[in-house]
Amino acid sequence: MKNLLVAQSGGPSAAINATLVGVVEKGLADRNIDKIYGAKNGIMGLMRGQLVELSEQLSDPEKLQLLCQTPSSVLGSCRMKLSDFKESTFEYEKIIQVFRKYDIGYFIYIGGNDSMDTVYKLSEYCKEMRIDDIKIIGAPKTIDNDLTETDHCPGFGSAAKYVATTMSEISCDCNVYAQPSVTIVEIMGRDAGWLTAASALGRLNGDTAPDLIYLCERPFCVDQFLDDVRAKMAEKHSIIVAVSEGIRNEEDDYLTDSLQDRAADAFGHKILAGASRYLEEIIRFEIGCKVRSIELSVMQRCASHVASAADIYESRLLGAAAADYCISGETGKMACIKRVSEKPYRFAIDFVEIEKIANQVKKVPDEWITPAGNDVTQEMIDYLLPLIQGEMPCTYRNGVPVHLRLD
């Protein structure tokens with residue numbers, strides 16, 4: 001019998017612990033697994049031998065259910081990229097030493113793009129060194145939804161549901177006053193605009209916000225943006241704009257980088273905040289109306305109180321499938337969600353070679369962005385809608401949600 005190891009890495013989400021639950025559930029049920037370990041703080045903690053035994057801590061079904069409503073990464077995280085083993089094998093040797101010490105035969109790494117790079121490098125190193133008794137499988141996680149080969153990523157649906165909900169609530173607030181105003185909401189996504197696109201779901205129940213949506217896939221022109229805002233203000237008094245944090249100009253420079261000098265010249269001070277803060281100053285200077293910027297920040301990835309039940313269910317199932325696939329002897333692949341049908345929405349879990357995924361970025365299809373570049377199409381709405389369905393039961397104590405913490 002061998003032991004199973006699981007770790008989490010990269011930015012947290014409301015669903016990454018559900019994937020961990022799936023891995024643990026499979027490990028507990030499989031007779032080929034003796035103990036289940038978790039590495040603290042991802043690959044960094046693994047190199048240091050910082051492992052905790054999960055078999056007993058998470059053997060209670062009630063604890064597993066509580067973990068599904070706990071946001072962030074209960075095992076901790078890191079943002080560490082392994083070196084090229086052809087240049088230095090030091091990190092890899094340290095990892096293999098820990099695997100041997102704890103008799104690890106199966107390793108599931110839950111994370112985003114950098115984490116899949118780790119899965120790729122580590123599995124390639126084992127292949128190069130003819131280490132065939134350690135199997136390594138990636139389990140995707142990212143609210144950015146930018147991993148290739150998978151229809152969508154665990155964690156994205158819950159973040160999208162939060163963004164849509166918050167956009168609807170912001171709309172209710174901003175429409176109170178008759179005074180002309182512009183509100184700019186900055187949403188995570190430096191290289192892909194999936195999450196910003198999800199702001200359009202805030203319109204589903206009758207709200208009009210956001211009035212304008214700008215994704216980082218299309219070049220952003222400040223002059224056109226001002227024309228768009230003025231045109232909307234001619235129609236209504238309160239305008240709400242959703243922007244990706246990674247919007248870039250025609251030269252592919254981040255907006256805040258490329259326009260920093262212009263901002264200082266125009267307003268007499270240096271803009272240090274993100275895209276929404278910069279655009280707030282642009283509108284205040286050029287249009288002169290009431291304007292505010294809002295950065296949703298980490299709430300996009302830790303708002304488990306409004307998690308998507310569909311997202312949590314899929315994340316949990318995917319974790320179990322990844323563990324099962326690894327225990328069966330497979331290695332060097334990532335578990336992927338495949339959309340089988342739209343109406344009704346159905347999905348399946350498949351496995352794809354990790355080299356097809358690591359260091360790749362899945363962009364929003366250009367045809368899902370309107371020709372004017374300031375909104376998304378119905379195809380995007382149809383893609384997003386199944387991912388935000390259902391609400392999770394939530395255990396409260398003293399009026400606030402209860403979260404699980406490991407010893």
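**Figure 1. Salt bridge between Asp-227 and Arg-230 in helix α8.** In this predicted model, Asp-227 pairs with Arg-230 in a salt bridge whose closest N and O atoms are 3.8 Å apart, a salt bridge being a side-chain nitrogen of Lys or Arg within 4 Å of a carboxyl oxygen of Asp or Glu. Both residues belong to helix α8 and are 3 residues apart, about one turn of the helix, where helices (H or I, at least four residues) and strands (E, at least two) are DSSP runs numbered from the N terminus. An α-helix has 3.6 residues a turn, so residues three or four places apart point the same way. Asp-227 counts as partly exposed because its relative accessibility is 43%, and Arg-230 is likewise partly exposed at 38%; buried means under 20% relative accessible area, exposed over 50%, and partly exposed in between (1.4 Å probe, protein chains only).

Residues are numbered from 1 along each chain as its sequence is written. The model is predicted, so that local features need pLDDT of at least 70 and side-chain atom pairs count only at pLDDT 80 or more, while totals for chains, interfaces and linings use all residues, and side-chain values use heavy atoms, with hydrogens and water left out.

Figure 2. The closest N and O atoms of the salt bridge between Asp-211 and Lys-236 are 2.7 Å apart. This pair links distant parts of the chain, 25 residues apart, with Asp-211 in the loop between α7 (194-197) and β7 (212-214) and Lys-236 in the loop between α8 (222-233) and β8 (238-244). Asp-211 is buried, its relative accessible area being 8%, whereas Lys-236 is partly exposed at 22%.

**Figure 3. Salt bridge between Lys-81 and Asp-114.** The structure holds 22 salt bridges, and one of them brings together the side chains of Lys-81 and Asp-114 at 3.3 Å, N to O. Here too distant parts of the chain are linked, since Lys-81 sits in the loop between α3 (61-68) and α4 (90-101) and Asp-114 in helix α5 (residues 113-128), 33 residues apart. Lys-81 counts as partly exposed at 43% relative accessibility, and Asp-114 is partly exposed with a relative accessible area of 41%.

**Figure 4. Positive phi values at Asn-145 and Glu-149.** Asn-145 has a positive phi of about 60 degrees although it is not a glycine, and phi of Glu-149, also a residue other than glycine, is near 75 degrees. Asn-145 is found in the loop between β5 (135-140) and α6 (156-174), and Glu-149 is placed in the loop between β5 and α6. Asn-145 is buried, with a relative accessible area of 0%, whereas Glu-149 counts as partly exposed at 34% relative accessibility.

Figure 5. At 1.5 Å a residue, the 12 residues of helix α11 (residues 275-286) should span 16 Å, which agrees with the 16 Å between its end C-alpha atoms; the expected span is 1.5 Å times one less than the number of residues. Among the buried residues of α11 are Tyr-278, Leu-279, Ile-282 and Ile-283. Just after α11, Gly-288 takes a positive phi of about 85 degrees.
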